[in-house]
Amino acid sequence: MLPTPTHMPQLDELSAIIAQNTSDDGVLETSIPRLSLIRFSRQTEPCQTLQHPALCIVVQGSKQVMLADEIYVYGPAKHLVVSVDLPVTGQIIEATPEKPYLCMRLDLDLPALGEMFMEITPATGEPAGGCSKGVCLADSSPQFLDSALRLLRLLASPEDIAYLAPLAERELMYRLLRGPQAHKVRRMLMPDSRLQQVTRAITWIRQNYAAPFSIEQVAAEARMSPSSLHQHFRDVTAMSPLQYQKQLRLQEARRLILTSAVDAATAAQRVGYDSPSQFSREYRRLFGAPPIQDVARLRQEPERFAEA
């Protein structure tokens, strides 16, 4: 879906607000809880990160997100919903100094969204199926963008944020739950859904990623059979539980090397690797270079690999 004339007034104002509040490239936390503004004036290199549950609305430029081998490309007429913690690769693919990439990201308050889900009656004719993935791409209607605008306009009146931001956020979440892709969003909130079971498995792996585990152990935590866990975990994350663990280990090792001034061997050991050579091979496969070279280029040009 491309922007239409009915989208343009909202997109123009959203772009203006984000541009006014972001003087430099990067991710800026705002005074509105869980809301960040993102600006980049050039394309970025692929950046591997752990994406937490969030709503991302691009208002200018475009971005692609890769989940394992699946690619999601979105721009001003679409928004991305991430419902579980996912290791993804993000890259800004359309941005210039004259027309930078501009985006708003709202980290999801899943308990509050779940309460709304229980209160709202599904629209007549709403499909019963849904998106099994932890990532869903949806069209942004003019009404949806209007709701986003009401939230961003509060940046100009800080005294109103404490009282009005929760109402504006609630309206935006309502639009999310009643939009054309509502069945996909609702699926992630159903208390007994497969997605919720996989979420329990993901939470356990994140808490225990540095230790060896068996599929049977994770399945018990998720209250699923091992075969069911393997199938539905891959449906949601596009990877197996062991592949998910590996991505968490490597991303944490990269963070340790960058921020804690530890060497690659120490980082590998801390995240659970017994073999430094295996760690180096898998690190290079994920990040495109051995640890020393990768960290050197990150420090030399951090803006080219920034999370966006």
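L86 is buried, at 0% relative accessibility, where buried means under 20% relative accessible area, exposed means over 50% and partly exposed lies in between (1.4 Å probe, protein chains only). The place of L86 is in strand β8, residues 86–94; helices (H or I, at least four residues) and strands (E, at least two) are DSSP runs, numbered from the N terminus. The model described here is predicted, so that local features need pLDDT of at least 70 and side-chain atom pairs count only at pLDDT 80 or more, whereas totals for chains, interfaces and linings use all residues. Residues are numbered from 1 along each chain as its sequence is written, and side-chain values use heavy atoms, with hydrogens and water left out.

The surroundings of L86 can be listed by contact, meaning heavy atoms within 4.5 Å. Not counting residues up to four places away in sequence, L86 touches T49, L50, Q51, L67, G134, V135, V236, T237 and Y244. Between L86 and P53 the C-alpha to C-alpha distance is 8.4 Å, with 33 residues separating the two in sequence.

For the chain as a whole, the secondary structure comes to 12 helices and 10 strands. Of the 308 residues in the chain, 50% are buried. Among contacts with a separation of 6 or more, 73% join residues 24 or more positions apart.

Two packed helices are described by the angle between their axes and the distance between the axes. Here axes are lines fitted to C-alpha atoms, for helices over the stretch in contact, and angles run from 0 to 180 degrees between N-to-C directions. Helix α6 (residues 194–207) and helix α7 (residues 215–222) have axes that come within 8 Å and cross at roughly 125 degrees. That makes α6 oblique to α7; angles under 35 degrees count as roughly parallel, over 145 as roughly antiparallel, 65 to 115 as roughly perpendicular and the rest as oblique. The crossing of α6 past α7 is right-handed, a crossing being left-handed if the near helix is turned anticlockwise from the far one by less than a right angle, and right-handed if clockwise. On the α6 side the contact is made by Q197, R200, A201, W204 and I205, and on the α7 side by Q217, V218, E221 and A222. By class, this contact of α6 with α7 has five nonpolar, two polar and two charged residues, with Ala, Val, Leu, Ile, Met, Phe, Trp, Tyr, Cys and Pro taken as nonpolar, Asp, Glu, Lys and Arg as charged, and the others, Gly among them, as polar. Q197, in helix α6, counts as buried at 12% relative accessibility. Leaving aside neighbours within four places in sequence, Q197 is in contact with A222, R223 and M224.

In the second pair, α9 and helix α11 (residues 276–287) pack at an angle of about 90 degrees, with their axes 10 Å apart. The two helices α9 and α11 are therefore roughly perpendicular to each other. Contributing to the contact are K246, Q247, L250, Q251, A253 and R254 of α9, together with F279, E282, Y283, L286 and F287 of α11. The residues of this contact of α9 with α11 divide into six nonpolar, two polar and three charged.

Aromatic rings come next. The structure holds five aromatic pairs; rings of Phe, Tyr and Trp (its six-membered ring) pair if their centres lie within 6.5 Å, and planes under 30 degrees apart count as stacked, over 60 as edge-to-face and the rest as tilted. W204 and F213 form an edge-to-face pair, 5.8 Å centre to centre with 85 degrees between the planes. W204 is buried, with a relative accessible area of 13%, and F213 likewise counts as buried at 13%. The ring centres of F233 and Y244 lie 5.6 Å apart and their planes stand at 90 degrees, so this pair is edge-to-face. The pair links distant parts of the chain, with F233 in helix α8 (residues 226–237) and Y244 in helix α9 (residues 241–259), 11 residues apart. Both F233 and Y244 are buried. One aromatic cluster is formed by Y273, F279, Y283 and F287.

Finally, the backbone. Most residues other than glycine have a negative phi. A68, a residue other than glycine, has a positive phi near 55 degrees. A68 lies in the loop between β5 (62–67) and β6 (70–74) and is partly exposed, with a relative accessible area of 29%. A261 is not a glycine either, yet has a positive phi of about 55 degrees. The loop between α9 and α10 (264–270) holds A261, which is exposed at a relative accessible area of 73%.
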